[in-house]
Amino acid sequence: MVVAADGVESKIARMAGLNTSLPIPNSISCYQYEMAGIDIERPNRLYFYLGANVAPGGYIWIFPKGDHIANVGIGFVLGKSKSETAKYYLDKWIESMPSIKKGSIIEENAGGIPFGNFLKKMTADNFLAVGDAAHQVNPMHGGGIAEAINGARLAARVIARAIREEDTTEKNLDEYNRVWWDMHGKNLARIEKIVNECLSLSDEEINKITDSISSEGVLKLLNGDLGFAAKIIMKNPRIAMIAAKAL
């Protein structure tokens, strides 16, 4: 058995016959600095910054790792910026933040993240894909660790059964596709549709929505809680129209 976990646009999965290419609207561009010597008001909190001029179709984050050290990065959907790069927007924002600008860059990282475009077929004979290689990422925030763990657990169970049965053909591994879509894929696909429509919201509309959500509510949204999302939709007619169009 071969398990592809080699990230975005997996080359190993392509060799197995899977289509892992990402169209521009389904690609998130990311850039991150690890910075030291910066001032963070509350190091026990995560910080997110949104706005059409800050990170079009995405957000900037500060993930503190101590009192004066943090990961400072950006991610946004390609195609939302006409020509500028993720690094351009991140550098521009840092220049406007004296408490961050004063710091030193320790490390730089860049990469891509799948945005939706979930694979219907993640298996072949003696083969399956997990994580970013299978586009298993939550479109709500672009995080893939939890989804990769979910996919890996299911993959391990299916592989163990197939090996016991001495049958690792694509047909016998198809349980992985079916169960993943039933347990995770359908919900993530709905989230993708809603997020795609929400990308058309103005900064003013986003501010209005975020003002109506508590810290606990933000966590529920990030975890893809559609029940809580429905309550937010009912309070915001514009979002209700978007959800109706998406679903």
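Residues are numbered from 1 along each chain as its sequence is written. This is a predicted model, where local features need pLDDT of at least 70 and side-chain atom pairs count only at pLDDT 80 or more, while totals for chains, interfaces and linings use all residues; side-chain values use heavy atoms, with hydrogens and water left out.

**Exercise 1.** Find out which residues have the most contacts inside the largest nonpolar core, and where this core lies.

Solution. Start with the term: a nonpolar core is a set of buried Ala, Val, Leu, Ile, Met, Phe, Trp, Tyr and Cys residues joined through side-chain atoms within 4.5 Å. Buried means under 20% relative accessible area, exposed means over 50%, and partly exposed is in between (1.4 Å probe, protein chains only). The largest core has 32 residues, and L18, F127, A129, Y176 and W180 have the most contacts inside it. Next, look at the suppliers: β2 (27-36), β8, α4 and α5 (170-198) each give at least two residues, and α5 has the largest share, with eight. Helices (H or I, at least four residues) and strands (E, at least two) are DSSP runs, numbered from the N terminus. Finally, domain 1 (2-21 + 118-188) and domain 2 (25-114) both contribute, so the core lies between them. These bounds come from an automatic or database domain assignment.

**Exercise 2.** Work out where K65 and E34 sit, given that their side chains meet in a salt bridge.

Solution. A salt bridge is a side-chain nitrogen of Lys or Arg within 4 Å of a carboxyl oxygen of Asp or Glu. Here the N to O distance is 3.1 Å. K65 is in the loop between β4 (58-64) and β5 (69-77), E34 is in strand β2, and the two are 31 residues apart. With 17% relative accessibility, E34 counts as buried.

**Exercise 3.** Now try α5: how far apart along the helix are D182 and K186?

Solution. They are four residues apart, about one turn of the helix. Their closest N and O atoms are 3.2 Å apart, in a salt bridge. D182 is exposed because its relative accessible area is 54%, whereas K186, at 44%, is partly exposed.

**Exercise 4.** Is N138 buried or exposed?

Solution. First locate N138, in the loop between β8 (127-129) and α4 (145-164). Its relative accessible area is 4%, so N138 is buried. Then follow the side chain of N138, which reaches the backbone nitrogen of M140 at 2.8 Å.

Definitions and conventions
A polar contact is a pair of N or O atoms within 3.5 Å; within protein, one must be able to donate a hydrogen and the other to accept it, and residues adjacent in sequence count only if both atoms are side-chain atoms.
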